[in-house]
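Dear colleague,

I am handing over the structure below, together with notes on what was found in it. Please keep it open beside you while you read.

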Amino acid sequence: MRLKVNAKTHEVNVEDDMPLLWVLRDELGITGPKYGCGIAMCGACTVHVDGGAVRSCSLRVGDVSGEVTTIEGLGSPEAMHAVQAAWVEHQVAQCGYCQSGQIMAAASLLMVNGEPTDEDIDRTMSANLCRCGTYPRIRAAVKAAAAKLRERRS
Amino acid sequence: MSRAGKIARRTFLIGSAAVAGGVAFGIYAYKRTPTNPLLRNLGDGQAALTPYVRLDQSGVTIITPRADVGQGAYSVQAALVAEELDLPWEQIKVDPGPPSAAYYNGKVLAEGLPFAATDNGPLARNARVLGDVGGKFLGLQITGGSSTVPDAYEKLRVAGAVAREVLLLAAARQTGIAKADLRTRNGAVVTPDGRSLSYASLAATAAQIDPPATATLKPESEWRYLGKSMRRIDMVAKCTGTAVFGIDLRMPGMVYATVRTNPRLGGGMKNHDPSAAAASKGVLKIVPITAGVGVIADNTWRAFKAANVIKFDWGPAPYPPTTAAMFETVGTSFVPARQDSRFKNEGNIEAALTGTGVIEAEYKVPYLAHAPLEPMNAVVQLKDGRLDIWTGTQIPMFMMAMAASMTGLRAENIHLHAQMSGGSFGARLEDDYVRQAIELAKAFPGPPIKMTWTREEDMTHDFPRPLAMARMRGAVKDGHVDAYDLSIACPSVTASQLGRQNLSIPGPDVAIVAGAWDQPFKIPNYRVTGYRVPELVPVSSWRSVGASGNGFLHDGFLDELIHAAGADPLKERLRLCWHEPSRKVLEAVGEMSSWGSDPGKDRGRGIAFTLSFGVPAAEVVEVTNTPHGIRIDKVFVAVEVGRVLDPKNFDNQVRGGVIWGLGHAMNAELTHADGIAQQTNYHAFEAMRLYQVPLIEVRALTNTNEVRGIGEPTVPPAAPALANAIFAATGKRIRELPLNKHIDFV
Ligand code: FES
Ligand code: FES
């Protein structure tokens with residue numbers, strides 16, 4: 001089957017029920033999305049399909065209907081997305097293992113909601129677990145990224 | 001008997017293990033500098049200026065032997081070396097280096113000594129020196145016990161300074177200019193006429209110079225990095241998905257695997273039927289391993305899927321099958337035969353607790369899993385008489401010894417490549433997952449095998465923080481706490497954990513009473529007794545170890561006594577506390593939280609204090625009792641750390657510790673049925689999520705000269721501060737964790 005990931009089309013030969021996460025990680029070598037729970041409880045595997053955040057561990061690759069973007073496709077170390085830049089600025093990461101998913105969740109939130117309230121942030125970002133407890137910095141970084149994106153638009 | 005005599009009789013615990021086998025040899029081994037392990041693998045034109053600095057034509061690499069499990073250890077180790085070596089921050093490259101006794105941890109044993117961190121008597125000081133000797137003697141290259149910074153603080157600066165000396169000597173030799181006229185700046189040696197010789201260009205000459213034994217350190221006033229917030233060297237990679245964790249490794253020809261072993265830890269496998277799995281797509285081989293099987297496939301998920309359809313008949317657990325039955329064992333352990341320690345025994349507790357008015361209570365804390373977000377994994381390759389292991393670990397030397405004994409290979413044919421870990425919280429102080437990967441490699445030699453645990457395997461095979469129970473008695477007099485008798489029954493983490501490394505420790509286990517016996521309070525009649533419960537489930541170190549539960553046990557009942565006395569919780573703690581730096585943190589949280597002011601309707605404030613890993617930590621928690629349950633509004637935390645090397649990272653660690661402590665206190669426990677842990681994934685074990693996180697205000701005090709680590713000490717007082725706040729808001733005293741067994745949270 002064909003899979004478009006980070007603007008590149010791949011031909012993959014896997015069974016329909018393989019979760020997108022494992023196609024990305026083990027078949028395509030795209031390891032930014034992480035395995036944390038496999039049951040849509042932690043958000044470490046979050047990627048975008050057509051801009052919307054999904055749990056790639058719980059999405060059968062056969063059901064992927066759109067274009068996939070992973071953390072690697074969001075921005076690069078040389079050209080970071082505003083959310084990534086805010087994360088670096090606020091030194092959010094500790095172990096960093098959850099952060100690909102956190103950043104993808106935040107980026108998708110800001111795509112649909114440019115001015116999220118504290119409650120919006122709490123609601124969306126609570127689906128992503130961080131065992132290291134970086135939550136206060138996540139809150140601050142989401143707000144900073146939102147402000148930056150608004151500034152750019154105006 | 002004299003106090004010294006008593007302490008000698010108690011034995012030196014880890015100290016005594018370290019010097020068992022002969023003090024003379026111990027001292028000899030201590031004095032002999034362990035060989036610089038970098039000398040073994042140097043390439044052409046490379047110089048190893050010290051065990052911590054490698055130099056070649058591409059520049060300097062700093063060796064950071066303490067594992068980075070998220071606490072920022074690589075960055076802080078790099079900053080200590082770079083500060084003295086005058087390296088520009090953007091040029092810093094790090095490498096965890098090979099496992100080596102040269103990277104021994106001289107501070108990790110200190111926490112195991114039966115001396116309170118507040119004890120600066122000669123005996124205590126000597127014991128700490130012996131701890132350092134022990135660490136070196138045993139070649140303990142360990143990351144843990146909040147010891148990275150205390151251990152590295154001087155060592156790594158000296159390493160940087162020695163390397164700088166060598167580079168100056170090399171430049172002098174190369175240019176003919178006297179060394180005294182040369183300076184170092186930004187990764188180069190600068191001559192009086194303004195020429196700049198990069199360190200890289202000096203590599204070949206430096207390789208021929210014998211490093212001096214020591215060098216002068218810069219005065220603090222010249223520091224550029226230490227004491228400032230530096231961008232963590234792993235930050236950009238971790239925010240762009242380009243950081244490579246152990247689980248992310250990819251190699252040519254690599255195969256993927258998982259294991260299933262008996263979830264009744266220590267039980268065997270009676271039977272299994274792998275026929276369906278063997279026919280499953282992508283499966284290359286199913287191999288028996290200790291207490292289970294491994295599935296090797298061409299994709300991790302295919303291995304997971306195949307493992308799911310294997311039918312197992314597991315043997316019974318070598319411990320009582322249910323949590324209730326285990327607590328029964330704990331409850332029957334408060335007997336003289338199981339008494340392990342009584343490090344604190346002041347006044348006359350029996351006399352003070354006769355008659356009426358004795359207050360009694362029983363407290364409980366549960367097993368807790370480490371559950372770092374990256375499940376345990378390792379890549380192992382056995383090929384042509386050589387074993388390679390790629391994994392995140394806090395115990396590289398133990399792992400080398402284990403690998404040698406499992407394969408019969410000599411140390412020089414075993415290569416351990418340390419990887420970045422997605423959290424640990426103590427989980428990577430174990431090596432069971434690597435043992436399993438080596439078993440797979442022996443059955444399937446040739447290709448690199450990446451073995452990954454499913455989250456379910458990780459949760460059900462974690463060696464958790466032990467459960468514990470405490471019985472307390474106390475009395476108050478004239479509005480003050482007069483007597484406190486605390487008995488704690490708990491399995492020994494130290495015995496369980498070191499037992500798996502074939503080490504045994506004579507004497508009591510300080511971890512059973514850590515965070516309780518060593519608190520800086522002067523109560524007229526005060527006794528703390530530890531009882532050692534048989535092992536039950538194998539247990540291990542969990543962020544803040546013994547103090548993680550004992551903070552709640554000790555401070556929770558102290559709060560009860562203070563309330564019984566009708567005293568103010570802050571004022572009475574201050575009155576009882578004799579240790580000035582500890583008083584200061586209590587005063588600080590009092591001021592930060594406007595302690596004493598009216599918290600408002602349905603609201604309450606609780607305070608708690610624990611001294612652990614040498615760090616006094618006080619926390620005030622503010623809660624509201626809403627119609628939907630308790631909401632945590634604010635936390636104020638003050639700690640005494642002597643020195644803050646990186647303010648941002650410090651702040652991140654402190655907040656992380658508070659959130660860790662509160663989250664697990666709210667809702668996390670590991671319970672057992674039929675000998676198996678029942679919480680198999682994050683749906684049943686989640687601690688705090690973002691919407692529950694309160695405002696956290698942090699203050700660092702630096703009134704002492706001790707350099708301390710901060711990854712753990714804010715964990716222990718979080719649970720009691722929360723329970724005490726709930727009592728203040730609702731009148732309900734909860735004596736068991738997690739608290740949500742007794743009250744709802746928003
Ligand atoms: S791995 Fe997908 S949500 Fe946890
Ligand atoms: S930074 Fe470690 S799990 Fe979030």
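This is a predicted model: local features need pLDDT of at least 70, side-chain atom pairs count only at pLDDT 80 or more; totals for chains, interfaces and linings use all residues.

Residues are numbered from 1 along each chain as its sequence is written, chains are lettered from A and ligands numbered from 1 in the order in which they are written, and side-chain values use heavy atoms, with hydrogens and water left out.

**The interface of chain A and chain B**

The size of an interface is often given as the accessible area lost when the parts come together. Here chain A and chain B bury about 5000 Å² between them, 56% of it on carbon and sulfur atoms, where buried area is the accessible area (1.4 Å probe) that two parts lose on being put together, summed over both. On the chain A side, the residues that lose the most area to chain B are A:Q91, A:Q94 and A:R131, which together make up 17% of what that side buries. Counting contact as heavy atoms within 4.5 Å, 56 residues from chain A and 65 residues from chain B take part.

Six salt bridges cross this interface, a salt bridge being a side-chain nitrogen of Lys or Arg within 4 Å of a carboxyl oxygen of Asp or Glu. One of them pairs A:R25 with B:D248, with the closest N and O atoms 2.9 Å apart.

The elements of chain A that give two or more residues to the side touching chain B are α1 (20-27), α2 (71-74), α3 (82-89), α4 (99-112), α5 (118-125) and α6 (135-153), and the largest share, five residues, comes from α6(A). Helices (H or I, at least four residues) and strands (E, at least two) are DSSP runs, numbered from the N terminus.

**The two domains of chain A**

Chain A is assigned domain 1 (2-74) and domain 2 (82-153), with bounds that come from an automatic or database domain assignment. Their C-alpha centres lie 20 Å apart, and 17 residues of domain 1 are in contact with 13 residues of domain 2. The two domains of chain A bury about 1300 Å² between them, 60% of it on carbon and sulfur atoms. The count of salt bridges between them is zero, whereas seven residue pairs are in polar contact, both residues at pLDDT 80 or more. On the domain 1 side, β3 (46-49), β4 (52-55) and α2 of chain A each supply at least two residues, and β3(A) gives the most, with three residues.

B:D431 is buried, with a relative accessible area of 3%, and B:E430 counts as buried at 5%; buried means under 20% relative accessible area, exposed over 50%, and partly exposed in between (1.4 Å probe, protein chains only). The side chain of B:D431 makes a polar contact with that of B:Q501 at 3.3 Å, while the side chain of B:E430 makes one with that of B:S540 at 2.7 Å.

**Salt bridges in chain B**

Over all chains the count comes to 59 salt bridges. B:E457 and B:R260 meet in one of them (3.6 Å, N to O); B:E457 lies in helix α15 (residues 455-461) and B:R260 in strand β8 (residues 255-261) of chain B, so the pair ties together parts that are 197 residues apart in sequence. B:R527 forms a salt bridge with B:E350 (2.9 Å, N to O) and another with B:D485 (3.1 Å, N to O). B:E350 is partly exposed at 41% relative accessibility, whereas B:D485 and B:R527 are both buried.

With best regards

How values were computed: A polar contact is a pair of N or O atoms within 3.5 Å; within protein, one must be able to donate a hydrogen and the other to accept it, and residues adjacent in sequence count only if both atoms are side-chain atoms.
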